[in-house]
Amino acid sequence: MHEVVLPVLSRLTPVRDDHAWYFPNINGYRTHVRLRVWPTKDGSFLVVATDLMLGAGLINSAESLVRAAVREFGSDVTVVRHFPAWTMGAEESDEFDVLPLDEKGVARPCSCTAEVLELLGAGVTGFPGDAPPRPTDADAAGVAPQSVHLARVVAAGLRLTEKRVVERDGPMPKKYAPAAAKDLDPLSQLMLMTVGLRHLTHAVDGIALETIDTPDGLKRQKRKERIIEAVFEQVAKLSELCDDEAAARATAS
């Protein structure tokens, strides 16, 4: 059992907060996490990587995460893996694990939840965009209802296609540009969109039409199920396309 000793920070505000930082996993494919970085008094860094539940995530990619952090932040970096509450890696509360590597390069996760919360406070918990931060021992009632998250999805979706005026000819618009600038490379965008489509399709699949107890309602439900099946098939093909592109890039480099 490793003794948990987190470094002393030189500031409590992260110097970097990247909501879609990626690193190559053991198969060379990209894994995206939320990455927050704090400087320490000894000149190294404390890195907290939040699992966004995309693909294999951090359950099977601990070593790859540590190696990527070492490459970017130096060999003295302290890497902490973060599973938000109610995800595959955590239950009722957020969980944090420090990830030291042994002499064979294998990660030996050691829980440091209490130490991280004492060092950084409750604001470090949750997914990106969750507001306001809630105590780490919050129960299910502390999680926003579905309508809140659906509204966020709709609002974010609008920003993906919405245009803004960037140039005018007098009072008349002359030139438009996307309202939200693209801050990720095309492959990362496609991978994140594909995962989003998969989760939304799962959500639609779980919706039962209220008129299902009537003959016509049952037909509509069956029609919806066929549509969902077709969408799942196309999302799977998109995922394969992403994997092929990632493999091609890895070979080219």
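A salt bridge is a side-chain nitrogen of Lys or Arg sitting within 4 Å of a carboxyl oxygen of Asp or Glu. This structure holds nine of them. Before we look at some, a quick word on the ground rules. This is a predicted model, so local features need pLDDT of at least 70 and side-chain atom pairs count only at pLDDT 80 or more, while totals for chains, interfaces and linings use all residues. Residues are numbered from 1 along each chain as its sequence is written, and side-chain values use heavy atoms, with hydrogens and water left out.

| Salt bridge | Closest N to O |
|---|---|
| Asp18 and Arg16 | 3.6 Å |
| Arg81 and Asp97 | 3.1 Å |

Let's take the middle pair. Arg81 sits in strand E4 and Asp97 in strand E5 (residues 95-98), so this bridge links distant parts of the chain, 16 residues apart. Helices (H or I, at least four residues) and strands (E, at least two) are DSSP runs, numbered from the N terminus. Are Arg81 and Asp97 buried or exposed? Both are buried; that word means under 20% relative accessible area, with exposed being over 50% and partly exposed in between (1.4 Å probe, protein chains only).

Asp18 is partly exposed at 23%, and so is Arg16 at 26%.

Now for the greasy side of things. In soluble globular proteins, nonpolar side chains tend to be buried together. A nonpolar core is a set of buried Ala, Val, Leu, Ile, Met, Phe, Trp, Tyr and Cys residues joined through side-chain atoms within 4.5 Å. The largest one here has 20 residues, and those touching the most other members are Trp21, Phe23, Leu35, Leu58, Leu65, Phe73 and Val79. Strands E1 (16-24), E2 (30-39), E3 (45-51) and E4 (78-83) and helix H1 (62-73) each supply at least two residues. H1 gives the largest share, six residues.

What is Leu65 in contact with, leaving aside its neighbours within four places in sequence? Its partners are Trp21, Phe23, Ala49, Leu58, Val79 and Leu99, where contact means heavy atoms within 4.5 Å. There's also a second, separate core of 14 residues, including Val4, Leu46, Cys110 and Val124.
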